Amino acid sequence: MKTTLVAFMSLVAASTLVQAGPIAAFDQLRVFRHSEPERRLIQYGEDTPAKWMEQADIDNLFRAGVKFMDITDHQDLGAYSAFNSAWQPVIPTKVSYQDEVAPFIGNLTTVHMKSNLRAFTNFRTRYYKSSYGAKSCRWLIQQVKDVIDNSDADHVTVNEFPHSWDQFSIVARFEGSDEDLKDEVVILTDFLKSLVDNYADISYVSTKCGYACSDHASWRKAGFPSAFTIESAFEDSNHFIHTSDDTIDKLSFDHMLEFSKVASGFAVELSHKH
Ligand SMILES: *[C@@H]1O[C@H](CO)[C@@H](O)[C@H](O)[C@H]1NC(C)=O
C-alpha cells in the first residue's frame with residue numbers, strides 16, 4: 001500500500017508540472033484550431049461581467065497573456081457556493097503526522113517519474129483539442145487506475161469529467177471512511193507552507209497567482225477552500241509549460257522529487273480527521 005501510494009503521488013506531482021491544460025499556448029492553438037464560428041462565454045476578472053467572444057478575440061487574450069475562464073459549459077459553477085455554505089471544513093494550518101509521513105518520503109525516488117514522463121511526453125501533443133490530447137489523457141487515467149487497482153485502497157476513486165472537447169479532466173477522490181466527514185478538499189495556503197517547511201529540503205516563496213491562473217480557481221469559484229502550489233515563483237517557472245517545447249529535457253527530476261514530498265505529506269496529513 002505504501003509503495004503504491006508513493007508511485008501514485010509521484011505521478012500526480014509529475015503530471016502537475018507538465019500536463020497541458022485547457023489554457024494552451026498560442027502556437028499550439030494555431031496548429032490545431034479548426035474554423036469554429038462558435039462563440040464562447042469568457043470571464044477574465046472577479047468583478048468583470050463575462051463576455052461572449054469569438055475565437056479570434058480569445059486568441060488575442062492568449063497573446064496578451066490575459067488569464068481567463070471559459071465558463072460557456074458551466075455558467076452556474078459559482079452558484080454551488082451557496083449549496084456548500086453549510087459545510088464547515090476544519091482546515092489544518094500546520095502538519096501533525098511527521099512520523100507517519102517519514103517512511104513515504106524516505107522511499108520516494110525519481111524512477112517512476114522518469115518512466116511515466118517518458119511515456120507521457122511521447123504523445124505528439126497533449127493539447128486539449130487534439131486527438132493526441134485525448135489519447136494522452138486516456139493513458140494518464142489508466143496509470144492512475146492501475147495504481148489504485150494494485151493497492152489495497154478501497155476509498156480512492158478516479159473518474160473522467162467530460163468536456164465539449166475530446167480531452168476530459170481527471171478527478172481523483174480520496175474519501176474519508178466516515179460518511180459525515182467531507183474531507184475531500186481541505187486546502188489552504190498556511191497548511192501548504194507548513195508542508196514545505198516540514199517535508200521538503202527546499203523552502204517556499206510566495207508568488208501572486210491572479211484571476212483564473214490555474215485549475216484550483218474553478219474549485220474556489222464552486223465554494224471549496226483551495227490553494228495552489230507550483231514549482232517556483234511565477235517569474236522563475238518553466239516558461240515552456242503549455243507549449244510544444246514542454247519536453248522532458250527541460251525538467252528537473254530532483255526538483256520534482258521535492259514537490260512529491262510535499263504531495264505525499266499533503267495526502268497523509270489530510271487522511272486524518274481534523
Ligand atoms: C521505506 O518504507 C518502509 C516500509 O514502510 C519503511 O520501513 C522504511 O523505513 C522506509 N525507508 C525510509 C528510508 O524511510
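This is a predicted model: local features need pLDDT of at least 70, side-chain atom pairs count only at pLDDT 80 or more; totals for chains, interfaces and linings use all residues.

**Entry 1: the core.** I began with the largest nonpolar core, which has 18 residues. A nonpolar core is a set of buried Ala, Val, Leu, Ile, Met, Phe, Trp, Tyr and Cys residues joined through C-beta atoms within 7 Å. I noted the residues with the most contacts inside this core: Val101, Ile105, Leu195, Tyr199, Val262 and Phe266. Then I looked up which elements give two or more residues to the core, and they are helix 5, helix 6 (111-121), helix 8 and helix 10. Helix 10 gives the most, with 7 residues.

I wrote down the terms here. Buried means that 20 or more other C-beta atoms lie within 10 Å of the residue's own; exposed means 12 or fewer, and partly exposed is in between, with C-beta atoms placed from the backbone. Helices (H or I, at least four residues) and strands (E, at least two) are DSSP runs, numbered from the N terminus.

Entry 2: Residues are numbered from 1 along each chain as its sequence is written. The confidence score, pLDDT, is the predictor's own for each residue, from 0 to 100. The protein chain averages 80, and 79% of the residues score at least 70. Where is confidence lowest, and where highest? Helix 1 (residues 2-18) is lowest, at a mean of 34, and helix 5 is highest, at 97. I marked residues 1-34 as well, where pLDDT stays under 50. Over residues 177-186 the pLDDT is also below 50.

**Entry 3: the whole chain.** I counted 10 helices and 5 strands in the protein chain. Of its 274 residues, 21% count as buried. I also checked contacts, meaning pairs whose C-beta atoms, placed from the backbone, lie within 7 Å. Among contacts with a separation of 6 or more, 74% join residues 24 or more positions apart.

**Entry 4: helix 8.** Which residues of helix 8 (residues 189-199) are buried? I found Phe191, Leu195, Val196 and Tyr199. The arc is that of the directions from the helix axis to the C-beta atoms. Helix 5 (98-106) and helix 10 (253-270) are among what covers these residues. I followed Val262 too: not counting residues up to four places away in sequence, Val262 touches Leu195, Val196, Tyr199, Ala200 and Thr229.

**Entry 5: helix 7.** I checked the length of helix 7 (residues 131-149). At 1.5 Å a residue, its 19 residues should span 27 Å, and its end C-alpha atoms are 27 Å apart, which agrees. The expected span is 1.5 Å times one less than the number of residues. Gly133, Ser136, Cys137, Leu140 and Val147 are buried in helix 7. They cover an arc of only 100 degrees around the axis, which puts them on the same side of helix 7. The face turned away from that buried side carries the exposed residues Gln142 and Asp149.

Entry 6: I traced an open sheet of 3 strands, in the order 2-1-3, with antiparallel pairing. Two strands pair if DSSP finds at least two bridges between them. Strand 2 and strand 3 are the edge strands, each pairing on one side only. Strand 1 (residues 40-43) is joined to strand 2 (residues 51-53) by 3 bridges. Across from Arg40 stands Met53, and across from Leu41 stands Trp52. Strand 1 and strand 3 (residues 69-70) are joined by 2 bridges. There, Ile42 has Asp70 as its bridge partner.

**Entry 7: two spot checks.** Gln98 is in helix 5. Its C-alpha atom is 8.2 Å from that of Tyr199, 101 residues apart along the chain. Next I took Gly223, in the loop between helix 9 (216-221) and helix 10. Gly223 counts as partly exposed, with 17 C-beta neighbours inside 10 Å. The C-alpha atoms of Gly223 and Gly78 are separated by 7.2 Å, though the two are 145 residues apart along the chain.

Notes: Two residues are in contact if their C-beta atoms, placed from the backbone, lie within 7 Å.
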